[in-house]
Amino acid sequence: GLRAFLPGSHLTGQLPTEDIIGQTLPLKFLEVDKEKNKLVVSNRRAVVEQQMAELSRGDLVDGLVKALKPYGAFVEVGGMSGLLHISQIS
């Protein structure tokens with residue numbers, strides 16, 4: 001099999017410790033270079049894409065407000081962060 005590098009910043013929901021050895025994770029290819037035998041993957045991007053595929057315009061979801069700014073609120077939904085514009089807040 002191939003060996004890939006998973007940067008710690010691209011691991012979702014847990015810290016990069018030896019506890020993840022042996023776990024199966026969803027991954028997305030970030031970089032593939034056959035000449036340099038280099039393979040870089042992201043668990044975070046794979047998880048976000050899976051979650052985004054399940055969302056549709058008009059869906060109601062719960063979100064955690066992470067920050068408030070004069071132009072809106074940054075809200076986290078399922079590990080993804082997005083801007084809720086002030087014009088959409090009542």
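User: Where is serine 42 found?

Analyst: This is a predicted model. In it, serine 42 belongs to strand E2, which covers residues 38-42.

User: Is serine 42 buried or exposed?

Analyst: Serine 42 counts as buried, because its relative accessibility is 0% and the cut-off for buried is under 20%.

User: What does the side chain of serine 42 reach?

Analyst: The side chain of serine 42 reaches the backbone nitrogen of arginine 45 at 3.0 Å. There is also a polar contact of 2.8 Å between the side chains of serine 42 and histidine 10.

User: Which residues does serine 42 touch, leaving out those up to four places away in sequence?

Analyst: Serine 42 touches Leu6, His10, Pro26, Leu27, Lys28 and Leu30.

User: Histidine 10 came up there. Where does histidine 10 lie?

Analyst: Histidine 10 lies in the segment before E1. With a relative accessible area of 12%, histidine 10 is buried. Not counting residues up to four places away in sequence, histidine 10 touches Leu30, Val41, Ser42, Asn43, Arg44 and Arg45.

User: On to charges. How many salt bridges are there?

Analyst: The count comes to three salt bridges. As background, side chains of opposite charge can pair when their charged atoms come close.

User: Which residue forms a salt bridge with lysine 28?

Analyst: The partner of lysine 28 is glutamate 49, and their closest N and O atoms are 2.9 Å apart. Because glutamate 49 is in helix H1 and lysine 28 is in strand E1 (residues 28-33), the pair ties together parts that are 21 residues apart in sequence.

User: And why does glutamate 49 count as partly exposed?

Analyst: Glutamate 49 counts as partly exposed because its relative accessibility is 45%. Lysine 28 is also partly exposed, at 29% relative accessibility.

User: Which residue pairs with glutamate 31 in a salt bridge?

Analyst: Glutamate 31 pairs with lysine 38, with the closest N and O atoms 3.5 Å apart. Glutamate 31 is partly exposed at 33% relative accessibility, and lysine 38 is partly exposed with a relative accessible area of 37%.

User: What about glutamate 76: which residue is its salt bridge partner?

Analyst: Glutamate 76 forms a salt bridge with lysine 66, and the closest N and O atoms are 4.0 Å apart. This pair links distant parts of the chain, ten residues apart: glutamate 76 is in strand E4 (residues 72-77) and lysine 66 in strand E3 (residues 64-69). Glutamate 76 is partly exposed, with a relative accessible area of 29%.

User: New topic: how many aromatic pairs does a search of the whole structure find?

Analyst: The search finds one aromatic pair. The rings of tyrosine 71 and phenylalanine 74 have their centres 6.3 Å apart and their planes at 90°, so this pair is edge-to-face.

User: Why are both numbers given?

Analyst: A pair of aromatic rings is described by the distance of the centres and the angle of the planes.

User: Last one: which residues form a nonpolar patch on the surface?

Analyst: Met52, Leu55 and Val61 form such a patch, and together they have about 260 Å² of accessible area. Methionine 52 has its place in helix H1, which covers residues 43-53. Methionine 52 counts as partly exposed, because its relative accessibility is 47%.

Note on methods. Residues numbered from 1 in each chain as written. Predicted model: local features only at pLDDT ≥ 70, side-chain atom pairs only at ≥ 80, totals over all residues. Heavy atoms only, no water. Helix = DSSP H or I, 4+ residues; strand = E, 2+ residues; numbered from the N terminus. Buried < 20%, exposed > 50% of the residue type's maximum accessible area, 1.4 Å probe, protein only. Polar contact = N/O pair within 3.5 Å; in protein donor to acceptor, adjacent residues only side chain to side chain. Contact = heavy atoms within 4.5 Å. Phe/Tyr/Trp six-rings, centres within 6.5 Å; stacked < 30°, edge-to-face > 60°. Patch = residues over 30% accessible without salt bridge, like charges linked within 9 Å, V, L, I, M, F, W, Y side chains within 5 Å. Areas by Shrake-Rupley, 256 points an atom, 1.4 Å probe, with all protein chains shown as cover. Salt bridge = Lys/Arg side-chain N within 4 Å of Asp/Glu carboxyl O.
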